[in-house]
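Subject: Structure handover

Hello,

Please find the structure below. My notes on what was found in it follow.

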2 protein chains.
Amino acid sequence: MGMARRTKFTPPRRRRNSGRRPGGQSSRGAVLDAARTCFARDGYEATTIRAVAANAGVDPSLVMQFYGSKDGLFHAVLEQQSTLAEKMLASVLGPRAGLGERVARAYLQLWEDPVTGNTLRSLIRASIGSQRASSLLRTYHTEMLDRSRIPEERRLGLMLAASQLLGIAVARYLVGVPLLVAAPLEELVQHLAPAIDRCLSTTE
Amino acid sequence: MGMARRTKFTPPRRRRNSGRRPGGQSSRGAVLDAARTCFARDGYEATTIRAVAANAGVDPSLVMQFYGSKDGLFHAVLEQQSTLAEKMLASVLGPRAGLGERVARAYLQLWEDPVTGNTLRSLIRASIGSQRASSLLRTYHTEMLDRSRIPEERRLGLMLAASQLLGIAVARYLVGVPLLVAAPLEELVQHLAPAIDRCLSTTE
C-alpha cells in the first residue's frame, strides 16, 4: 500500500527501445511482482531467475544483484506479505472475548479478498508444493514468530490454531472441496470459533 | 496389501538384457510405483509420461495404454491409496465415545508410519502444489464420499474435521513448523480431539 510500491506489474512502455531498465526502486518492485507471478503460475521448482527477469523486463544479473538467489527472491515475496501476517497477529492480541470468532473471520476474509486471496493462494500453493519452498516458509514463520510479541507459552496453541485454519483454507480455496466451497463464510466461522478459542486460551 | 500388488518398486534384475518388459499385471504395478516416485519427487506439473515409463523400464506407449493420460495415472495413484481413506472412514463410523480422539490418533498415525507417511507426504504435496492435481484430488474425494456410507447430514462436519486434521499434518509433516514437530503425538491428539468431536457430532 506504500506509495513507492507497485502493486501490479505493467510493461515499461516509455522505455520500449532500451529493452532493459536501470536498477533502482521501481525495478526492484517489478522484479518482486514478476517473481510473485512466476511462483504462482509455475510453482517454486519450475521458476527460474531468467524467467523472472524476462517477466520484469530486466537483466537476470540485476535480479541476482537485488536478491542473491531464487531462495532470496522467494523470501522477499514472503516478506512482502508480512502485512497479512501482522493483521492476523493483531487479531490474536486483541481482547479475549470473541477471540476465536474474530481470528477465524479475519483469516478467512484474507482468503476471500480478491487481492490478498490471490496472493495467499499462490504463496501457499508454491510453499507446500516444493520441499525447498516449504523450508523457506518454515524459516520465515519462525523469524516472524520470534519478532512478534506473542509470549512463549501461547505459541504452541497459536500454531495449532493457525494450522487448523490453514487446513480449512487449503480445502476450501486450493483443493475446492465442494461442501466447503458451498458453505457460507459465517457458518465456517461459527464451526471453527470454539476450536480456535480453545487453542488460543491454552497457556501450558 | 493384495498379493498381486507390488508395494515397492525394485528394478527388474532378471530382465537386464531385454530393456523393456511385456505388458501385464507386474508392469502395471511397476508403472504405478514409478508414477508415485515421480509425482513425489518432481510434483505433478514436472512429471511426464516419458519419465514414468523410463523409471518403470517400459515403453511410454504402455503407460498410455494402461492409464490413458497423466491425469489417469495420478487418479490411479490416488485410488491405490484408498485403503488409507477407508481406515479413516472406519474410525469415523465407530462408536460415539472417544470419537474425536480416535479419529485424530488414526489420522496422525497414518502420517507417522514410515510407509503410509511417505505416501501421504508425496501425494498431498503433489496435490496441493498444482492446480490441476488439486482438481483431481477434489474429484477423487467427492467420488469416495459418494461411495461411502456417511449420511448426507454428517458430511459437512466430516469435511471440516478432515480439513483441520489436514492443516495440522501440512504444518507438522510438510512445512515442519518447529513447535508442532517437537510436540508429542498424544499432546496433539488431546488438543485436537474436542474440535474433531464437535465437527463430527454436528448433524445439521
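**A buried cysteine in chain B**

Cys199(B) counts as buried because it has 26 C-beta neighbours inside 10 Å. The term buried means 20 or more other C-beta atoms within 10 Å of a residue's own; exposed means 12 or fewer, partly exposed lies in between, and C-beta atoms are placed from the backbone. Cys199(B) sits in helix H11 of chain B. Leaving out residues up to four places away in sequence, Cys199(B) touches His191(A), Gly157(B), Leu160(B) and Ala161(B). Touching, or contact, means that the C-beta atoms of two residues, placed from the backbone, lie within 7 Å. From Cys199(B) to Glu79(B), 120 residues apart along the chain, the C-alpha atoms are separated by 26 Å.

**Ground rules**

This is a predicted model, in which local features need pLDDT of at least 70, side-chain atom pairs count only at pLDDT 80 or more, and totals for chains, interfaces and linings use all residues. Residues are numbered from 1 along each chain as its sequence is written, while chains are lettered from A and ligands numbered from 1 in the order in which they are written.

**Chain A overall**

Chain A has 11 helices and 0 strands. Helices (H or I, at least four residues) and strands (E, at least two) are DSSP runs, numbered from the N terminus. Of the 204 residues in chain A, 39% are buried. Among contacts in chain A with a separation of 6 or more, 65% join residues 24 or more positions apart.

Chain A splits into domain 1 (13-69) and domain 2 (81-201). The bounds come from an automatic or database domain assignment. The C-alpha centres of domain 1 of chain A and domain 2 of chain A are 29 Å apart. Each side of their contact is listed here: 6 residues from domain 1 of chain A and 6 residues from domain 2 of chain A. By class, the domain 1 side of chain A that touches domain 2 of chain A has 3 nonpolar, 1 polar and 2 charged residues. For these classes, Ala, Val, Leu, Ile, Met, Phe, Trp, Tyr, Cys and Pro count as nonpolar, Asp, Glu, Lys and Arg as charged, and the others, Gly among them, as polar.

**The two chains together**

How many residues of chain A are in contact with chain B? The count is 37 residues of chain A, against 37 residues of chain B. Elements giving two or more residues to the chain A side include helix H1 (25-46), helix H7 (114-129) and helix H9 (155-175) of chain A. H9(A) gives the most to that side, with 14 residues. By class, the side of chain A that touches chain B has 21 nonpolar, 11 polar and 5 charged residues.

Chain A superposes on chain B by a rotation of 180° with 0.0 Å of shift along its axis (RMSD 0.0 Å). The two copies are therefore related as by a two-fold rotation axis. The same surface serves both copies, as 100% of the contact residues of chain A recur in chain B. The superposition is by least squares on the C-alpha atoms of residues with pLDDT of at least 70 in both copies.

**The core**

The largest nonpolar core has 114 residues, and Val170(A) and Val170(B) touch the most other members. A nonpolar core is a set of buried Ala, Val, Leu, Ile, Met, Phe, Trp, Tyr and Cys residues joined through C-beta atoms within 7 Å. Not counting residues up to four places away in sequence, Val170(B) touches Ile128(A), Leu166(A), Gly167(A), Val170(A), Ile124(B) and Val175(B).

Leu137(A) is in helix H8 of chain A. Is Leu137(A) buried or exposed? Leu137(A) counts as buried because it has 25 C-beta neighbours inside 10 Å.

**Other spots in chain B**

Helix H4 (residues 70-80) of chain B has these buried residues: Lys70(B), Leu73(B), Phe74(B), Val77(B) and Leu78(B). Down the axis of H4(B), the buried residues fall within an arc of 140°, so they line one face of the helix. That arc is taken over the directions from the helix axis to the C-beta atoms.

Glu186(B) belongs to helix H11 (residues 185-201) of chain B. Glu186(B) counts as exposed, with 12 C-beta neighbours inside 10 Å. Met64(B) lies in helix H3 (residues 60-67) of chain B. Met64(B) is partly exposed, with 15 other C-beta atoms within 10 Å.

Best regards
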